[in-house]
Amino acid sequence: MRRHRLLLSLLLVAAAGTATAALPAQSAAARTATPLDRVIPAPASVRAGGSPYTIDGRTRIRVPGGSGEARQVAGYLAELLRPATGFGLPVTTREGRDGIVLRLGGRDAKGLGAEGYRLRSGGRSVTLTAARPAGLFHGVQTLRQLLPASVEKRTAQRGPWRIAGGTITDTPRYGYRGAMLDVSRHFFTVGQVKRYIDQLALYKINTLHLHLSDDQGWRIAIASWPNLTTYGGSTQVGGGPGGFYTKADYREIIRHAASRYLTVIPEIDMPGHTNAALASYAQLNCDGVAPPLYTGTKVGFSSLCVPKKQTYDFVDDVLRELAAMTPGRYLHIGGDEAHSTSHEDFVAFMDRVQPVVARYGKTVMGWHQLTGAHPAEGAVAQYWGYDATGPEERAQVADAARHGTRLVLSPADRAYLDMKYDPSTPLGLSWAGYVDTRRSYDWDPATYLPGVPARAVLGVEAPLWSETLSTSAHLEYMAFPRLPGIAELGWSPAATHDWDGYKERLAAQAPRWDALGIGYHRAPGVPWPAV
């Protein structure tokens with residue numbers, strides 16, 4: 001009998017060892033709960049203390065009251081956590097004092113606004129409270145970062161899955177926190193755009209600006225002008241095959257963005273950056289002759305024909321169809337680098353086009369050159385100047401801001417993610433200088449432009465132009481690690497802004513990017529974990 005018991009014990013030990021070997025080993029650091037203030041963007045308020053909550057096989061995700069959108073956020077959270085934890089994590093509408101609780105409304109939601117959340121963690125439960133579903137979703141991104149990075153993997157990993165005890169109360173500094181993706185210079189598929197959306201959502205970005213037309217390609221189907229895509233979308237920088245989004249494709253991008261609480265802003269750049277359209281329809285040219293398709297990277301040589309009636313028929317049709325497809329409030333009409341358009345024609349063009357945007361129920365957005373015309377009431381100008389931008393141009397933008405034009409800040413030598421990190425960077429451009437990770441983070445949107453009242457700043461946006469970028473790996477290498485810093489400028493209180501503290505939190509994101517398959521630049525000056 002003793003031999004039988006000994007044999008049974010040995011078999012159990014061997015079985016346990018086999019089960020253990022099936023899961024990856026985890027370091028002592030990974031088994032310790034991440035401090036509540038270790039996330040990006042930095043929360044507005046953190047009060048640490050108490051026991052951590054541990055997700056285990058008995059954990060349920062509770063959605064008291066059963067709100068449809070709250071259940072969707074709960075389902076999203078369950079799908080994130082199940083593969084790595086191996087737990088079922090059922091979603092239930094039943095009340096309970098245990099598990100992960102997602103709660104909309106109530107006294108604890110007071111003062112959280114449209115996107116804020118409160119996270120309370122203790123030994124029995126972790127509760128996310130928000131006034132609106134977007135707040136719950138943003139709270140999920142914080143919860144996600146409080147768990148070990150291995151939670152991002154799609155295969156079973158070793159726990160424990162602890163969330164430190166305490167309370168986070170968090171609301172955004174700015175309501176506009178954007179990223180732009182240029183799909184015109186190089187075309188990116190629906191799947192690639194959705195992948196980028198998921199990466200933006202992790203850092204509480206709430207706006208995706210899609211640059212849908214330029215000299216090198218027209219990327220959105222317009223039924224009344226079909227050659228725009230069949231011909232104008234047939235190439236890209238370097239002469240590749242190009243591509244375009246059908247209306248169904250565009251709707252799928254919008255649907256996926258909405259599921260991550262991002263609003264899509266489409267941009268049709270005009271009157272310059274229009275060679276793809278001019279090549280597609282001869283009548284849009286003043287001389288009635290269509291130019292050849294363009295696959296280079298020069299700017300400023302193209303222009304719609306401002307005096308022609310056909311130009312405004314074209315603009316009306318494009319904006320009408322685009323507005324009908326776009327649930328968000330803004331249509332971006334470009335306006336930058338219109339060097340082939342005289343100042344008088346530029347002003348005349350913008351005076352005619354801005355009312356068209358309003359006619360279809362949308363608000364005008366444009367690059368900051370719009371302030372050199374007559375910005376419509378409520379218009380938003382996107383500032384992309386940099387240190388070399390002249391004082392007159394800056395003063396023009398500031399004057400418009402003082403008279404009611406709102407601003408989104410995208411200074412090229414701070415926020416342009418396609419600028420090279422340094423001379424050795426294999427991708428990107430350098431016309432605005434080199435933009436290292438610290439430079440992209442170390443500025444304050446509220447004081448960046450002299451003479452601009454703080455109330456005029458809607459927020460920030462990180463554009464990613466694609467002259468040299470043609471794959472998702474290219475996008476990720478240029479966006480990471482700079483994108484999280486721009487996201488933090490948009491979300492976190494100015495009082496939390498500190499490079500020395502931020503670089504430590506940034507370095508801690510690297511294992512998460514590894515788990516997600518995101519290739520990134522190991523920027524000097526950041527204490528990255530050893531490879």
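A nonpolar core is a set of buried Ala, Val, Leu, Ile, Met, Phe, Trp, Tyr and Cys residues joined through side-chain atoms within 4.5 Å. Please keep in mind that this is a predicted model.

**Nonpolar cores**
- The largest nonpolar core has 141 residues, and the members that touch the most others are Ile-100, Trp-218, Ile-220, Tyr-245 and Phe-314.
- Helix 2, spanning residues 68-85, gives the most to this core, with nine residues.
- Another core of nine residues lies apart from it, with Trp-367, Met-419, Ala-432 and Val-435 among them.
- In soluble globular proteins, nonpolar side chains tend to be buried together.

- Seven strands form an open sheet with mixed pairing, in the order 1-9-6-7-5-3-4.
- Strand 1 (45-48) and strand 4 (91-92) stand at the edges with a single partner strand each, so one side of each has no neighbour in the sheet.
- Strand 3 (residues 61-62) and strand 5 (residues 99-104) run parallel and are joined by two bridges.
- Arg-62 stands opposite Val-101 in strand 5.

**Around Gln-199**
- You can find Gln-199 in helix 4, which covers residues 190-202.
- Gln-199 counts as buried because its relative accessibility is 7%, and buried means under 20%.
- Leaving aside residues up to four places away in sequence, Gln-199 touches Glu-476, Phe-480 and Ile-518.
- The side chains of Gln-199 and Glu-476 are joined by a polar contact of 2.9 Å.

Conventions. Residues are numbered from 1 along each chain as its sequence is written. This is a predicted model: local features need pLDDT of at least 70, side-chain atom pairs count only at pLDDT 80 or more; totals for chains, interfaces and linings use all residues. Side-chain values use heavy atoms; hydrogens and water are left out. Two strands pair if DSSP finds at least two bridges between them. Helices (H or I, at least four residues) and strands (E, at least two) are DSSP runs, numbered from the N terminus. Buried means under 20% relative accessible area, exposed over 50%, partly exposed in between (1.4 Å probe, protein chains only). A polar contact is a pair of N or O atoms within 3.5 Å; within protein, one must be able to donate a hydrogen and the other to accept it, and residues adjacent in sequence count only if both atoms are side-chain atoms. Contact means heavy atoms within 4.5 Å.
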